Amino acid sequence: MISTFFINPFSQEAKQIVKAKGDLNKIIEEDERLINIIEYTSGQRLDDDSKIPGSLWELSIKRIEWYLEKKGHRRYQPGYYRFLFNSQIAKFDVITFHILAQAIGAKFNPNSRESRIFIESEGEIVKERLLRVEHQLRDDIISKILNELLDSEKPHWIQLEKLLENRRIKLTELILKDGKAILDKSAPKRIQQIINSIRENIIPALIMQKTQEYLYKVNEMAAKIEPHPILVELANEIQKRISREFFIPKKTKPGTIKASKLDFDAFPPCIKNTIKGVKAGNRNDAIVLLLTSFISYARLYPAVFKERKPHKVSDFDPTLNITLNEILPLIYEAADNCEPPLFQDDPQEKLNITAKLGFGLHETPRLENEGESKWYTPMSCEKIKIHLPILCKPDNLCEKIQNPLTYYNRKRWQKRKEEGDRDIPRSNSRR
């Protein structure tokens, strides 16, 4: 029977396995037992030795690599990662989970890109492992894990408060009775199918929440105690691997909206008017809400409304060089052009600009603060008309547009078309 710690790395049994491992220096040593399990995993591709982890160090990296490639779709070849779903690897796997958590938690802020990817990857791997458990065993496994994580299959909804706060589950997705969530098999047959779905979905959410809390604890401890060099080295390697996935320039097909240097001629009238300078009464909204979001997305992620995938600034600007040296200077210059200059009597607006980029209320964006707030998308033309009518001086193109960023993409497309460039980006978004 499958061990619950293969799915729940926070079980007591899992903790005992990790505790017994002891010496971190040995995680880089090749382990024949690990290699043997992988080689005899059903469906495992063995034609590329670089895909076969021979040590706990390499297995740690493969865990992250699996998620990045699965998420990217383009290169993903599941045959190279069958071993991740072979329960015989459970003891090795639970150790690598804790090694990764220690490395990432010690090196990075819990809200960082690296932490976010680790948390998401754990949720995804748990979800897939649950789906692969034989149907007749799944109910028992789920019951045991729920009891490990919640001490009950009928937890009070307050025990799920963190999941609700972080939107990993919704209150409307639960069935409650007397304030308790029904997760056991005693429910009436007519709602058993719904209960089964809730039971399977809540376990990945719970483990993701536990993982996030774990990273916070490790991060706090790392501020007091210097982390092991092996963990620091692993964290650096994970960072490089994530950076390669996000930031190596990829070939794009015709019609793709690509990030590039800003084209000022393609800015819509409202943005041009904001950059020239705004008078008191409109300065704050114009600079903080309108210009900050527009400039950052136009420079880094102009396809946001076409692709509709949430990202963070560091996904496109890993060192924040573009943000600090191109985006913020342009925003600050527009703030200085205001009458009176915005920061002269409202210096706290610098904090709000940083917050709108997703780095919380800080003077300057820093990677360790990313995730403390949301990277806001550009406000719509309708909102600009209502809140900043003085800036809205529509031209002919504005009549077909519902968002200044869409205007920018369309104008760039028109310019390149006129210049005879066939490989031109075009947005079909109406926002």
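Tutor: A pocket is an open set of grid points where a 1.4 Å probe fits, and a residue belongs to its lining if one of its atoms is within 4 Å of a point. The model discussed here is predicted.

Student: Which residues lie nearest the centre of the second largest pocket, and how many residues line it?

Tutor: The lining has 13 residues, and F10, K15, K210, Y214 and K217 lie nearest the centre. The elements that each supply two or more lining residues are α1 (12-21), α4 (90-107), α6 (135-150) and α8 (192-222). The largest share, four residues, comes from α8. The volume of this second largest pocket is about 280 Å³.

Student: What makes up the lining of the second largest pocket by class?

Tutor: Three nonpolar, five polar and five charged residues. Lys counts as charged, whereas Phe and Tyr count as nonpolar.

Student: What does D93 touch, leaving out residues up to four places away in sequence?

Tutor: D93 touches F6, L59, R63, L84 and R129. A contact requires heavy atoms within 4.5 Å.

Student: What share of the protein chain counts as buried?

Tutor: Of its 431 residues, 50% are buried.

Student: How many helices and strands does the chain have?

Tutor: There are 17 helices and two strands. Among contacts between residues at least 6 apart in sequence, 71% join residues at least 24 apart.

Note on methods. Residues numbered from 1 in each chain as written. Predicted model: local features only at pLDDT ≥ 70, side-chain atom pairs only at ≥ 80, totals over all residues. Heavy atoms only, no water. Buried < 20%, exposed > 50% of the residue type's maximum accessible area, 1.4 Å probe, protein only. 1 Å grid on protein atoms, 1.4 Å probe; cavity = no way out; pocket = protein on both sides within 12 Å on 5 of 7 lines; lining within 4 Å. Points joined across faces, edges and corners; volume = space filled by probe spheres on them.
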